[in-house]
Amino acid sequence: MKQAIRRAGLAAFAAGALAFVASAPGQAQSSDPNGAPNPYKMQENWAQYPAGHAVGAAIKIQVDHSDGKSMWIFDRCGANDCSNSSLPPLLKFDASGKFMQGIGAGKFNQPHGLYVDREGNVYGADQIAKNGKGAVVIKFSPKGEVLMTLGQPGKEGAGPTSLSQPSAVAVAPNGDIYIADGHGGKTNDRIVKYAKDGKFLLDWGRHGKAPGEIDTPHGIAVDSAGRVYVAERVNNRISIFDADGKFIAEWKQFGRPSDVVIDKNDMIYVADSQSDQKTNPGFKQGIRIGSVKDGKVTAFIPAPEAGGAEGLGVDDAGNVYGGWTNKMFVRRFVKN
């Protein structure tokens with residue numbers, strides 16, 4: 001164990017990473033994974049959905065990085081599927097929760113991954129391939145025009161131009177696009193990297209539990225230094241890689257992650273919607289918050305009931321947003 005930690009620390013140093021990656025993940029947190037304080041209060045019904053659009057499974061929530069205030073919700077068309085719906089699944093709200101616009105109608109089967117870049121472009125990942133659509137990531141302009149499609153609509157695959165149940169997407173400060181490609185089972189377990197113009201650059205990862213291997217990459221985020229954080233739900237960990245896929249470290253103190261978000265201050269937010277005594281003993285469901293500088297969990301928002309938030313978002317003011325796919329609602333958490 002000590003040798004593995006030493007190797008990870010040396011690799012991180014060589015890559016110019018911060019000192020936190022040289023410490024053991026298990027030593028980065030106290031013995032109680034649920035013991036951090038909760039400085040937030042919950043606000044129900046923050047999002048004021050448009051008339052005729054019921055709240056559906058809100059799988060992902062993302063701040064519009066072009067303004068840091070407005071929020072996008074990736075909603076499964078008032079239900080848990082968009083295959084036969086004419087409703088727009090990508091919904092934008094202002095800071096007060098007032099509905100602003102909806103885009104992407106007719107483009108998705110089952111919404112899953114979401115990211116909004118610094119230019120206000122919206123990236124939506126469609127998990128399911130059928131009806132000539134899905135198994136893709138679609139990039140929209142702020143007004144809703146389709147700018148780019150990554151993957152082969154309606155066809156799953158593992159090559160440079162194909163995806164298989166993509167679960168999450170994130171865009172680095174330089175415009176590189178990272179896709180968490182796979183959703184368990186016989187789907188892919190890899191990270192795919194594209195240039196800003198959609199050119200395939202590389203992919204990495206294979207199914208497994210060893211350091212650097214991947215099982216069910218359900219969320220992805222990039223910090224200010226360009227490191228990539230992968231929420232491996234089945235492996236109960238956040239795996240950290242450099243921009244070229246070189247393994248740096250793994251963190252298990254954030255629970256069983258369904259989503260991960262990193263804000264402009266390099267604070268990390270992780271949604272744990274599945275931990276229990278069977279899947280991840282000792283951990284409770286909720287949202288854990290810390291810093292990428294040391295990996296310590298400094299705040300914990302416990303799930304109000306069984307089945308925590310699966311999707312997660314954070315605005316520039318530090319408000320936290322959770323999407324419940326099992327309960328079909330969105331909540332906002334603000335500091336006391």
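**Close-ups of a predicted model**

**View 1. The C77–C82 disulfide.** The torsion about the S-S bond of C77 and C82 is about 105°, so this disulfide is right-handed. The sulfur atoms of C77 and C82 sit 2.1 Å apart, and a disulfide here is a pair of cysteine sulfur atoms within 2.5 Å. That rule gives a count of one disulfide. Both C77 and C82 are buried (under 20% relative accessible area with a 1.4 Å probe, protein chains only). This is a predicted model, where local features need pLDDT of at least 70, side-chain atom pairs count only at pLDDT 80 or more, and totals for chains, interfaces and linings use all residues. Residues are numbered from 1 along each chain as its sequence is written, and side-chain values use heavy atoms, leaving out hydrogens and water.

**View 2. The β6-β7-β8-β9 sheet.** Here four strands make an open sheet in the order β6-β7-β8-β9, with antiparallel pairing (strands are DSSP runs of E, at least two residues, numbered from the N terminus; two of them pair if DSSP finds at least two bridges between them). At the edges are β6 and β9 (146-150), each pairing on one side only.

**View 3. Where β6 meets β7.** Five bridges join β6 to β7 (residues 122-126), and the two run antiparallel. Look for P111, which stands opposite D126 in β7.

**View 4. What lines the largest pocket.** Its lining splits into 20 nonpolar, seven polar and eleven charged residues. Nonpolar covers Ala, Val, Leu, Ile, Met, Phe, Trp, Tyr, Cys and Pro; charged covers Asp, Glu, Lys and Arg; the others, Gly among them, are polar. A pocket is an open set of points on a 1 Å grid over the protein atoms alone, where a 1.4 Å probe fits, with protein on both sides within 12 Å along at least five of seven lines; lining residues have an atom within 4 Å of a point.

Definitions and conventions. Buried < 20%, exposed > 50% of the residue type's maximum accessible area, 1.4 Å probe, protein only.
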